[in-house]
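Hi everyone, thanks for coming. Let me put the sequence and the structure up on the screen, and then we can walk through them together.

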Amino acid sequence: MKDLSLHILDIVQNSIHAGASKIEISIIEENKWLKVFVKDNGSGIDEELMDKVTDPFYSTGNKRTGLGIPLLAQNAELCGGNLNIESEKGKGTIITADFIKGHIDMLPLGDIAKTMKMLIFSYPDKHFTYFHQVDNKKFSLDTIEIREILGEDIDIKSGEVLKFIDEMITENLVVIGAKWPGAGG
Amino acid sequence: MTKVKNLDDLRKMREQMKSKIRIRNNSENSENLIQIKVAMATCCIASGSRETMNFIVDELEKRNIEAVVTQTGCMGYCYAEPTVEVTLPGKEPVVFGFVNDKKADEIIEKYIKNGELIDGIIPVNYQSVD
């Protein structure tokens, strides 16, 4: 993948396929580390399969390639970090990937706003939260909050709302100091 | 300092949007709507399918074309990603390969609007992708 936002989009697909109704995405940039967390309340991973999920092409899903987690793990390790998976069957999964920000092989953050926009468009009934922290500056987004503001008569999938969400994420991430090519930050 | 958007701006926007609500209930008459499926597995995302889907979603809205746009898993055409399956009402699904913004624009303008077949169609291997 060219950047972290694409990895996140890919990993969240796993959560969706696991039947998750709530997916929490967090990015914490502190000192030299950048940590990505994707937490869901999906079906979880069987304990005996935990060793296999990082194997390339291993998948329990139909029409899934089985490359999302292995590629993220590989990129984290290339950047001096690692990937950790905590999961409980029937409760959900937390995937954590650490990266050393200044590492020569570090991927850019990428357009995380587009990732969130596409997730919200594709799965408007899911509860997404996005949290990004750069040192002591924070930004967060919660689709339940957005839906409460919109009410029942305005669709969260509508073009104007999605454009707003895209711009709100982009602008606020620039303010808190998150950077990616083209962000203007 | 430039003002950044926040949820108060969304509240104000909502008031403006209320005055021009267009009720769309895709689920009731989805059979009569154009169905567009964008493959979004790992191979697809790595090849640019997020950008393709974003373009399609935005352009259909701008061009006022009603369609149901969804994601799918891997369609099996990893060599030709990004891939997009388009089903016009009453017609068989057609899968297009190597769909970047320019090809997506061509699909919308020529195939979706006029039913005109264009280059880049992948031969049929199966009925449709779930």
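This is a predicted model: local features need pLDDT of at least 70, side-chain atom pairs count only at pLDDT 80 or more; totals for chains, interfaces and linings use all residues.

In chain B, strand β1 (residues 34–39) pairs with β3(B) in the antiparallel sense, over 4 bridges. Two strands count as paired here if DSSP finds at least two bridges between them. The strand and helix names come from DSSP runs, numbered from the N terminus: helices are H or I with at least four residues, strands are E with at least two.

Residues are numbered from 1 along each chain as its sequence is written, chains are lettered from A and ligands numbered from 1 in the order in which they are written, and side-chain values use heavy atoms, with hydrogens and water left out.

Back to chain B. Its open sheet has 5 strands in the order β2-β1-β3-β4-β5, with mixed pairing. At the edges stand β2 and β5 (121–122) of chain B, each with a single partner strand, so one side of each has no neighbour in the sheet. There is also a cis peptide bond in this chain, from B:Glu81 to B:Pro82, with omega near -5°. You will find B:Pro82 in the loop between β2 (67–72) and β3 (84–87) of chain B.

Now let's move to chain A. What is the strand order in the open sheet of chain A? The 6 strands run β3-β4-β2-β1-β5-β6, and again the pairing is mixed. The edge strands, each pairing on one side only, are β3 (83–88) and β6 (137–142) of chain A. From one strand to the next, the twist averages 10°; angles like this run from 0 to 180 degrees between N-to-C directions, using axes fitted to C-alpha atoms, for helices over the stretch in contact.

Let's follow some of the pairings. Strand β2 (residues 33–40) of chain A and strand β4 (residues 92–100) of chain A run antiparallel and are joined by 8 bridges. There, A:Lys35 stands opposite A:Asp98 in β4(A). Two helices pack on this sheet. Helix α1(A) touches β1 (22–30), β2, β4 and β5 (127–134) of chain A, and its direction makes about 20° with that of β2(A). Helix α4(A) touches β5 and β6 of chain A, at about 60° to the direction of β6(A). Contact here means heavy atoms within 4.5 Å.

On to β1(A), which is joined to β2(A) by 8 bridges, the two running antiparallel. A:Ile28 stands opposite A:Lys35 in β2(A). In the hairpin of these strands, with 2 residues between them, A:Asn31 takes a positive phi near 55°. β1(A) also pairs with β5(A), in the parallel sense, over 8 bridges, and A:Lys22 has A:His127 as its bridge partner in β5(A). In the loop between β5 and β6 of chain A sits A:Asp135, a residue other than glycine with a positive phi near 55°.

Next, charges. A salt bridge is a side-chain nitrogen of Lys or Arg within 4 Å of a carboxyl oxygen of Asp or Glu. By that rule, the count over all chains is 22. One of them joins A:Lys89 and A:Asp46, with the closest N and O atoms 3.8 Å apart. A:Lys89 lies in the loop between β3 and β4 of chain A and A:Asp46 in the loop between β2 and α2 of chain A, so the pair ties together parts that are 43 residues apart in sequence.

Finally, how do the two chains meet? The contact takes 39 residues from chain A and 33 residues from chain B. Together the chains bury about 3,300 Å², 65% of it on carbon and sulfur atoms; buried area is the accessible area (1.4 Å probe) that two parts lose on being put together, summed over both. Across this interface the rule finds 4 salt bridges, including one between the side chains of A:Glu171 and B:Lys5 (3.2 Å, N to O).
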